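Please look over the sequence and the structure below before reading on. The briefing that follows starts with a local question and then takes up the chain as a whole.

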Amino acid sequence: MKKYCFKIADMYLHMDIEREHIASELFPFVTEDHRDDALPALFVSHKPTVDHKDPQSTPVVHNDYLHLYREDDLYILKYPGEPGIETVVFSPDKNDVTSGSADIYYPPSAAAGDISHGTLMALRLILSYFYQQQGKYMIHAASFIYRKKVWLVSAKSGTGKSTLVRHIKEVCPDEVSDYNGDLALISNWKKSDGSKSCAKIYGIPWNGTSGIFSTDDRELGGIFILHRADRTLPDQASVVLSDDTNTVYTMPDDERALSVMQRLISPSWDETQLLKNKCFSEDMIATIPLRHIDATNDISAGDLLHRAIDKLLSQ
């Protein structure tokens, strides 16, 4: 067992863990520049399950993948059917809710690869709780860098986020590069010169199955909500750009805020967290541009996305 420290989105993650149980995505975030009292921080103990009692309370979340309980200040997570992780117990610090501690229990007989995968998955959920306390929110989106800013393409799974990013890379291969293939951690942010409020995106290791992620923090340029082109435009849509088969348009503020909130994967386990997600979504659409794009599965959609971003940058 060795002590490791990772720095992810300005948060220190201190772990007592075997090297073979660390997912490869975490190693780029290892840092030697830390103190044990540097905050915000999460202290994690990683150990095999011995005799951990099942929670006695009613679960807050109960589905095929996760059972989540709350008992006083403790959150208890059970992962039915997940071979590399069994139980997670975490709690915020009593004096600073942006920091805390966690115990991650894994089955002693589990394979190292299953344990590292399960641990990475558990850390995403734990840290998303603490990030939310810090004003940072996770959203399901593929992202790319263009003109020094990161742009999000967010949609339901299977709609074609990665495909649209690939098409804009085909349109301007020397100007567009990948940032993250599946998730984004974003926040409102004031530039160091105090000139204006912007949005920031943080490098994180979680990327679905894409294998695409970055360690760099950057300015967030805007969000595009993707829909398939084989539908009628909403009545409230205001078209910005279009071609024969693809359309970029805006929607009223309440619809745009709802589009962000629906795609957040930050905790919504209670009314307070739901309200945090709602307020953040409303703040975000007031800070950066959000457009909807109804797109086909071909390079013309990438061309229209490219033109839409250039139009935003010229305003």
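In the hairpin of strand 10 and strand 11, which residue takes a positive phi? In this predicted model, that residue is Arg147, with a positive phi near 55 degrees, in a hairpin that has two residues between the strands.

**Strand 11 and its neighbours**
- Strand 11 covers residues 149–154, and because five of its six residues are buried, this strand is largely enclosed by the rest of the structure.
- Strand 10 (residues 142–146) runs antiparallel to strand 11 and is joined to strand 11 by five bridges; within this pairing, Ile145 has Val150 of strand 11 as its bridge partner.
- Strand 15 (residues 218–228) runs parallel to strand 11, and five bridges join the two; here Val153 stands opposite Phe224 of strand 15.

**The chain as a whole**
- The secondary structure of the chain consists of five helices and 18 strands, and the C-alpha trace spans about 65 × 40 × 40 Å along its principal axes.
- The radius of gyration is 20 Å, which agrees with the value near 20 Å that a compact globule of 315 residues would have.
- Among contacts between residues at least 6 apart in sequence, 63% join residues that are at least 24 apart.

**Burial, surface and charge**
- Buried residues account for 50% of the 315 residues in the chain, while the accessible surface comes to about 14900 Å², with 46% of that area belonging to carbon and sulfur atoms.
- The chain carries 33 positive and 45 negative side chains, and the centres of these two sets lie 5 Å apart.

Methods:
Residues are numbered from 1 along each chain as its sequence is written. This is a predicted model: local features need pLDDT of at least 70, side-chain atom pairs count only at pLDDT 80 or more; totals for chains, interfaces and linings use all residues. Side-chain values use heavy atoms; hydrogens and water are left out. Helices (H or I, at least four residues) and strands (E, at least two) are DSSP runs, numbered from the N terminus. The radius of gyration is taken over C-alpha atoms; the globule rule is 2.2 Å times the number of residues to the power 0.38. Buried means under 20% relative accessible area, exposed over 50%, partly exposed in between (1.4 Å probe, protein chains only). Contact means heavy atoms within 4.5 Å. Accessible areas come from the Shrake-Rupley method with a 1.4 Å probe; for residues, only the protein chains shown count as cover. Lys and Arg count as positive and Asp and Glu as negative; His and the chain ends are not counted. The place of a charge is taken as NZ of Lys, CZ of Arg, CG of Asp or CD of Glu. Two strands pair if DSSP finds at least two bridges between them.
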